[in-house]
Structure formats: structure tokens, C-alpha cells
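Morning, everyone. Please look at the screen, and keep the sequence open beside the model.

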Amino acid sequence: MIRPFSRCVVMFSSAVGCVLLLLMLFCAGAPSPQVVLAESPSPTYLVQPGDTLTAIAARFGTDALTLQQLNALQDPRSIYPGQTLLLPALPGGGMRSWTPYYAALGDALDALARPAGLTWEEAARSNRLLNPSLLRVGQTLYLPSAAPARVITVASTDDTRLALALRYDLPYGAALRLNPQPLCAGALFLRPGGGASPHLPYPVTALNMTAQPVARGQTTVLVLETAIPASCTVTFQDATESCYTPDDAHADVGRLYAFIGVLPLLTPGAYDVTVHIQTQDRATDVTLPLVVASGRYDYERLDLPADRQSLLDPALSQHERVKVASLRQLRSAERLWEFPFRYPVQGAVTSYYGSRRSYGYGFGSYHEGTDFRVEIGDPVYAPASGVVILAEPLVVRGRAILIDHGWGIVTGYWHLSRIDVAVGQSVAQGEIIGAVGNTGLSTGPHLHWELWVNGVSVSPLQWVHGLAEAGLSTD
Ligand SMILES: [Zn+2]
């Protein structure tokens, strides 16, 4: 610590001629004078295994009773891992205008805070970070919007702001604005605009992920950029899936996409995602934490009309279950879909994906799709382009269609009154594929729509109006 410290003294005194005490504060990373920061819209905390309300309250400078009242908890002992707790807002106000930022691999809080005119201590405090040096990819941070600046280098003992400004051809004033404190060895020197983070493992130049925490039953998207052409696989929960590359000629070289379907009944908590990146002559592994929250799911009890009770017999559904299950596992290499998906029908949602349900007093399960209230005969549209892989009447699912959209994405449509497509047929987004009905194991006219990612059932609505923060785009 001696060498960088003395270096700072020399730099700072030569540049500004300030007092030694102030320099010591800067170099030791001590908090700068307290700035009253804006109020978070709704700061939250994800309960971890072993947490108690008292321990959480102590960590965030509040008390258990306040947390209990704020979250309307009947019993302070009833918190569970994966539960989201509201925290009291910080004094002040105005953070509502701050914009969410989703942390990418290699991001450092200091490098994000400084272009926005904050110190890392202020950013950590306003975002209630327990450990500012441990940002998760996809973690949501609230920051004042500012021109993006990236870390250009980690300063060595001989670097000064002037020397680095000259080396990177920056106006000295701009260098001082982004780097208001004298450089210590190991400090981040920021440059406006471009430049990759020095923390990224070669050949990775960017790694973005859907916002965390991810509710179980949701899709997580990883978007990876590499300096040279590479391939990758992603391992989550013992399942390894290939990354996909856009194969059209205009796409960037070295951009890879991976999709993780988080099982709807997975125990909430932190899981590892391992990204294995392979180039012609080198392999690199990056392991990221993925925080899975419980999500909010309804409970439904369905009563079937007497004449359909027999459809609950597992023996009756065995044949179609095997057939549908194998088709949902498809992972076609060509992407046919565009993002975002559109709704397959115009109608209100009557039952959301993931609802825990039981039929009468029979077996319990969860709802593998989203149901819409629509009239018999209403048109059903393809929500995205794809190829029809099943189009036939089934015992439980009624008249049914499955569409393969490519890259491991398969959608299903059940209980139709009419099927307008045939197996092998290509459909475009918005094309009519059939009509709403009440066939099979159904309690009234409705459309059941489901979406599978690499054989895992996930919420289809997220593909209509979510996922954009991962940088998922098709143009
Ligand atoms: Zn349904």
C-alpha cells in the first residue's frame, strides 16, 4: 500500500496542491462527504436461506417491526428464502427519475457511478448494495442517466490522469471530469464512449443477461459478444445447452445467444450458470450466479363437467403425453422467430401460466400455459414465425397445434375447434393457424397457449412483453 499511496500524494499535490489528510482519505477509499441521496422507488431484498427479519432489519438500518408492517407480515417468523421484502425508502426523494441499468459481466460500481456524477459509495448506498464489489450480471441498479463511459484501464503505479489522457488522446478536462480523484494503483481510469472493460476474460467483450432475480418459470437470456468467432455452451442445473449464432449475413460476428428455462417448481435461491466459451485454440469458463425468486402464482381448483371426468384417467393421455413431450424437446438450429412475440388471440387472460391447480380432488400440478377467454370460432394467430410440428385432435388437449420456432423455442395451442395448418407447413407471425374451441379436457371455450424453452415449460407472456433488457433483438 506504501507505493501507490505515495504516488497519489505526488500526483495530487503536483496537480492541485491539496492537504495531505485529504489525500489519505482518497487513497484509503474512505467514504466521501455524505450526500443525501434520492429515494428508491421501492428498494427490495430477496430473502436468503437462514435469514431472520431481525437480521435483515439490522443490515439495512431499520427494525423488524418496520419491516413487518411495511410488508404486511402476519408473523415475523414466516419469511421464506426467495421472498421479496420491501425495504423502507431512503430519506430524500427524486430517485424515481433514475433509470434502471442491468449490470453486465465486468462492470464495476465505480465505473458506472462516476459518469453519472456519483461516487461508488453513494451508488452503493442508494442501491442498498451489501457488497458493492460483487455485482451480479443482470442485477438491476438505479442510476441517474448519463452518457455511458467504460473502464479503459486499471491504473498502474506510474499512471497519472494526464499521462493516460495523452495516451488515449482525450481532452484533459474530460479525463478529469470522469476521473475526479487522483489515480491510485489499481484504480479504474474511465474514458468517455468506448473501450472494453479490462475485467472481461478474453475473448469475451460483453456478456448481458436478463434482469435478476428471475422468477422460476421464466426465461433467462444470455447475450455474449466475443472479439473473435467463438462457440459456447451454457450449463444450468446439470443441463448443458448450446448457444446460438444469428446465421444471417448481416449479423455481428461473435454474437451468441443462450436461453435458460427456469423450472417452475425449482427451489428459490442462488444457482450457478457456467458459460463455456470455445475458440479455435482456447477454452474459457465463466461462472455467474443466477438468483431465482419464487414468483407469484395463483392456486386454482377446477371442477370438470361429469361427462369429461373420464379424461383424467392417465392411461387415456399416455399416448399423447409421450408424443407431445418429445416434440417439445426440439432444438432446431435455425431461428425463425422475431422478437417480441405477439398474442395468439385477442382476449383477457383467465388463468396465468404456473398457477398451482388441482382437478376436483384429484392430482395436483401447475398450469403449463396461459389461458385466454375467447369465443368459439375466434381466430388463433401464430405469435411468431415457425414450422408446424403437430396438428391433430388429442384426447386431453383436444384439437392441438405445436409450432417449432427454432433455437429450442416451441409453442402449443390446445382445445381448438378448427385446425387450419398441417404438419411441415411454415407459418408467419400473425398468420391464422386455427380457431378457438372447447375440445378435450376443457371447462369452457378458451385458448390454452404454452411455450417451451429447451424442453422446459416457461411463461409465454414474458416473450410478448419482457426479455428486452437482455438486449434481445433480431435486427
Ligand atoms: Zn390452460
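What is the strand order in the open sheet of three strands? The order is S20-S26-S24, with antiparallel pairing. Strands here are DSSP E runs of at least two residues, and helices are H or I runs of at least four, both numbered from the N terminus. Strands pair if DSSP finds at least two bridges between them. S20 (379–381) and S24 (418–419) are the edge strands, each pairing on one side only. Two bridges join S24 to S26, residues 432–435. Arg 418 sits opposite Ala 435 there.

Quick ground rules. This is a predicted model: local features need pLDDT of at least 70, side-chain atom pairs count only at pLDDT 80 or more, and totals for chains, interfaces and linings use all residues. Residues are numbered from 1 along each chain as its sequence is written.

Next, strand S9, residues 219–226. Seven of its eight residues are buried. Buried means 20 or more other C-beta atoms within 10 Å of a residue's own, with C-beta atoms placed from the backbone. S9 pairs antiparallel with S7 (residues 204–209) over five bridges. Ala 206 stands opposite Glu 225 in S9. Seven bridges join S9 to S12, residues 255–261, also antiparallel. Leu 222 has Ala 258 as its bridge partner in S12.

Last, helix H9, residues 314–328. Why does a span of 20 Å between its end C-alpha atoms agree with expectation? At 1.5 Å a residue, its 15 residues should span 21 Å, so the two agree. The expected span is 1.5 Å times one less than the number of residues.

Notes: A residue is buried if 20 or more other C-beta atoms lie within 10 Å of its own, exposed if 12 or fewer, and partly exposed in between; C-beta atoms are placed from the backbone.
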